[in-house]
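Please look at the following structure.

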Amino acid sequence: QVQLVESGGGLVQPGGSLRLSCTASGSIFSIHAMGWYRQAPGKERELVATTTSGGSTNYADSVKGRFTISRDNAKNAAYLQMNSLKPEDTAVYYCNAVLKPYSESTYYDYWGRGAQVTVSS
């Protein structure tokens, strides 16, 4: 069974930094892409940043220049370094992985349970 576990959320003041981590575990054959999404109260879940196994990255316009996604393929892990945080970054951040378990013939989306990030003075 595949699981994604996030860590690193918390409360930070505006202008501060946080680093989120996500590790995928279980019977995983291959991971194509990993990414971060977020959902603020009353809003839909939105893409924050993604990275593929080939190293390409994609960011939401609202976080470009402030957030950096990275990945450790050997550890099946992805990280999100968040700098210059703003109150509008407050949300639950979800880790996503597009991966193929050994038991399956194709790739599927998997999600973590989420990590709360609150930016407030």
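Q: Is Tyr102 buried or exposed?
A: Buried means under 20% relative accessible area, exposed over 50%, and partly exposed in between, with a 1.4 Å probe and protein chains only. The relative accessible area of Tyr102 is 54%, so this residue counts as exposed.

The model is a predicted one, in which local features need pLDDT of at least 70 and side-chain atom pairs count only at pLDDT 80 or more, while totals for chains, interfaces and linings use all residues. Residues are numbered from 1 along each chain as its sequence is written, and side-chain values use heavy atoms, with hydrogens and water left out.

Q: How many aromatic pairs does the structure hold?
A: Rings of Phe, Tyr and Trp (its six-membered ring) pair if their centres lie within 6.5 Å; planes under 30 degrees apart are stacked, over 60 edge-to-face, and the rest tilted. By this rule the number of aromatic pairs is 2.

Q: Which arrangement do the rings of Phe29 and Tyr102 have?
A: Their centres are 5.4 Å apart. Their planes stand at 80°, so the pair is edge-to-face.

Q: How many residues apart in sequence are the parts that Phe29 and Tyr102 tie together?
A: Strands are DSSP runs (E, at least two residues), numbered from the N terminus. Phe29 belongs to strand 4 (residues 28-39), and Tyr102 to the loop between strand 9 (91-101) and strand 10 (108-111). The pair therefore ties together parts whose separation in residues is 73.

Q: Which strands hold Tyr37 and Trp111?
A: These two residues form an edge-to-face aromatic pair, 5.1 Å centre to centre with 65° between the planes. The pair ties together parts 74 residues apart in sequence, because its residues lie in strand 4 and strand 10.

Q: Which ring does the charged end of Arg45 sit over?
A: A charge sits over a ring if NZ of Lys or CZ of Arg is within 6 Å of the ring centre and within 35 degrees of the ring normal. For Arg45 the distance to the centre is 3.8 Å, and the ring is that of Tyr94.

Q: What is the bridge partner of Ser21 in strand 8?
A: Strand 3 (residues 18-25) and strand 8 (residues 77-82) pair over 6 bridges. The partner of Ser21 is Tyr79.

Note on methods:
Helix = DSSP H or I, 4+ residues; strand = E, 2+ residues; numbered from the N terminus. Pairing = 2+ DSSP bridges.
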